[in-house]
Structures are given as C-alpha cells and as structure tokens.
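Student: Could you take a close look at one part of this model for me? Pick a single stretch and walk me through its surroundings.

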Amino acid sequence: MDCPDCDLSMVEPGPLSNRHCCYRCGRVAATGETADDITIRERGRQEAFVLLDYAMALRGECRTRAPREDLPMGQLIQTRGCGKCGGTMYRTVETDGDGNPTQESQFVCSACGRIE
C-alpha cells in the first residue's frame, strides 16, 4: 500500500494489527482503505491537534509538537456560543494561500460535546 501524500510504500502492519503506516509523514491506513479514506483520517487528526493546541493555550499550558505535526496547512479557528449549554463551540476552516476559506468542519462544543 502506498501513502497518498508521499508516494512511498507504507510499512506493513504487525501480526496483531491491520494498520499500515507511512514512516515519513505518519499517516495510517487500514488494510483495503482508499487514498481518500487515508486523507480524510489525516485531516481529522490535524483538526484534533489544532483544537488541542487551542484548548491548552486557553489554560495557559503548551505542549511540544512532534516534527510530523508541522505540516504546511492554512487553517483558521472560528468560535461561537453553543445554543444548548452556552459553552464555546469551535471549528476549523481550511484556507488557500491567500487566506480564502476552502473547506469548513462542523462546530464542536467544548463544554457539552454538541456538534452542529
């Protein structure tokens, strides 16, 4: 199986796993997944890192980023109030080189977990 981003052969899974892994960029893939499946999983992983960094910054903490997390990406974080509990909802917005939005994720409430 080849990595859709690096075009390198992914490391074969071990005997108790079905996950292939790219040693260069860290993307993972289950046996039989398509390039789109791998890309969608990686996008979700990057969004989770962005939200984690933002949440930790709100608490005054920081964490050390792994080198493979420093992939080139243009993202903005948008916030709004949650209609259910009044907490803060977050979402990431992918941007092109000029800062124009190209793709948006759903809002997720940090307090109650509601998704809109």
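Tutor: Strands here are DSSP runs of E with at least two residues, while helices are runs of H or I with at least four residues, and both are numbered from the N terminus. This is a predicted model, so local features need pLDDT of at least 70, side-chain atom pairs count only at pLDDT 80 or more, and totals for chains, interfaces and linings use all residues. Residues are numbered from 1 along each chain as its sequence is written, and side-chain values use heavy atoms, with hydrogens and water left out.

The part I'd pick is strand 4, residues 88–95, where seven of the eight residues are buried. Who are its partners? Two strands count as paired if DSSP finds at least two bridges between them. Strand 5, residues 101–104, runs antiparallel to strand 4 and is joined to it by three bridges; here Glu 94 has Gln 103 as its bridge partner.

Since a cysteine has turned up, a word on disulfides, meaning pairs of cysteine sulfur atoms within 2.5 Å: a search of the whole structure finds zero.

Conventions
Buried < 20%, exposed > 50% of the residue type's maximum accessible area, 1.4 Å probe, protein only.
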